[in-house]
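Colleague: Could you take one part of this model and look at it closely? Then please connect it to the rest.

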Amino acid sequence: MPSHIFIAEDEESIVSLLKYNLEKEGYKVSTSDNGEDALKQIKDKNPDLILLDWMMPNLSGIEISKQLKKDKKFNDIPIIMLTAKGEEEDKLKAFDVGTDDYVTKPFSQKELNARIKSILRRSKPQSSLDIVEFIDLKIDRITKRVYRNKKEINLGPTEFKLLDFFIKNPKRVYSREQLLNNVWGENIYVEARTVDVHIRRLRQAINLEGTKPLIRTVRSAGYSLES
């Protein structure tokens with residue numbers, strides 16, 4: 001079954017070009033030129049990946065990404081932001097609301113295709129596998145067991161959820177707010193510093209003697225799972 005890509009873009013020429021090239025690559029493609037309609041269609045169709053223009057009418061791409069990433073039903077859908085905004089602060093703002101990649105207009109179709117394939121390879125298999133491995137770390141999602149260097153590690157339920165979330169998108173930095181929304185849930189009130197406590201417990205559990213630390217603290221940004 002072909003992967004389904006949703007294009008949220010209000011420039012007709014870009015939509016036509018993207019749709020033509022993506023369908024030629026074998027993808028199923030849906031489109032919208034309106035922010036509110038795009039959000040509704042995405043929730044109805046649940047695509048495998050979203051190409052999202054920043055400057056959408058009625059509802060910006062930033063707001064669409066923010067709403068999707070706070071909803072557990074849709075927060076695993078990868079988003080590539082397409083925009084003419086190329087400043088570093090714009091990129092940081094996009095990543096802060098959960099965007100997975102950032103492509104500045106004008107862009108190369110070949111490069112975009114490569115990025116789409118790379119993201120789909122990461123997202124689709126991991127969402128369906130019962131056992132996932134990262135370096136010398138292994139998670140069994142059925143039995144809720146974790147192993148490092150073939151040695152079983154005892155984790156609490158929250159630490160397990162944290163690690164499982166990190167392993168879906170390794171090397172990506174998540175803020176405390178993003179971790180709270182995705183691991184604890186949007187409607188559950190927990191102080192941001194609680195994340196630090198569980199990160200510390202997770203580190204203590206998986207950093208066995210003689211192994212490399214896997215969770216990196218990024219100052220003023222958050223945490224990531226690194227090789």
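Modeller: Start with Glu152, which is found in strand S9 (residues 151-153). Helices (H or I, at least four residues) and strands (E, at least two) are DSSP runs, numbered from the N terminus. This is a predicted model, and local features need pLDDT of at least 70, side-chain atom pairs count only at pLDDT 80 or more, while totals for chains, interfaces and linings use all residues. Residues are numbered from 1 along each chain as its sequence is written, and side-chain values use heavy atoms, with hydrogens and water left out.

Glu152 counts as partly exposed because its relative accessibility is 38%. The scale is this: buried is under 20% relative accessible area, exposed is over 50%, and partly exposed lies in between (1.4 Å probe, protein chains only). Setting aside neighbours within four places in sequence, Glu152 is in contact with Arg145, Val146 and Tyr147. Contact here means heavy atoms within 4.5 Å. Lys138 is 14 residues from Glu152 in sequence, and their C-alpha atoms are 9.2 Å apart.

Now to another single residue. Lys73 sits in the loop between H3 and S4. At 68% relative accessibility, Lys73 counts as exposed. Its C-alpha is separated by 8.8 Å from that of Asn46, 27 residues away along the chain.

Next, the sheet. It is open, has 5 strands in the order S2-S1-S3-S4-S5, and pairs in parallel. Strand S2 (28-32) and strand S5 (101-104) stand at the edges with a single partner strand each, so one side of each has no neighbour in the sheet. From one strand to the next the twist averages 20 degrees. Two strands pair if DSSP finds at least two bridges between them. Strand S1 (residues 4-8) and S2 run parallel and are joined by 5 bridges. There, Phe6 stands opposite Ser30 in S2. Helix H4 (residues 88-96) packs on the sheet and touches strand S4 (79-83) and S5, with its direction at about 145 degrees to that of S5. Angles run from 0 to 180 degrees between N-to-C directions, and axes are lines fitted to C-alpha atoms, for helices over the stretch in contact.

S1 also runs parallel to S3, with 4 bridges between them. Ile7 has Leu51 of S3 as its bridge partner. S3 and S4 pair in the parallel sense, again over 4 bridges. Here Leu52 has Met81 in S4 as its bridge partner.

How many residues of strand S3 (residues 49-53) are buried? The count is 5 of its 5 residues. In a regular strand the side chains alternate between the two faces of the sheet. In S3, Leu49, Leu51 and Asp53 are buried on one side, and Ile50 and Leu52 are buried on the other.

Then the helix pairs. Helix H2 (residues 35-45) and helix H3 (residues 61-69) pack at about 25 degrees, with axes 10 Å apart. That makes H2 roughly parallel to H3. Angles under 35 degrees count as roughly parallel, over 145 as roughly antiparallel, 65 to 115 as roughly perpendicular and the rest as oblique. The contact uses Gly35, Ala38, Leu39 and Ile42 of H2, and Ile64, Gln67 and Leu68 of H3. These residues divide into 5 nonpolar, 2 polar and no charged. Ala, Val, Leu, Ile, Met, Phe, Trp, Tyr, Cys and Pro count as nonpolar, Asp, Glu, Lys and Arg as charged, and the others, Gly among them, as polar.

Helix H6 (residues 157-168) and helix H8 (residues 193-206) pack at about 80 degrees, their axes 9 Å apart. That makes H6 roughly perpendicular to H8. From H6, the contact takes Thr158, Glu159, Leu162, Leu163 and Phe166; from H8, His198, Ile199, Arg201, Leu202 and Ile206. They divide into 6 nonpolar, 2 polar and 2 charged.

Last, helix H7 (residues 176-184). H7 is mostly covered, with 7 of its 9 residues buried. Those buried are Gln178, Leu179, Leu180, Asn181, Asn182, Val183 and Trp184. Their cover includes H3, H4, H6, H8 and strand S11 (222-225). Gly185 follows H7 and has a positive phi, near 110 degrees.
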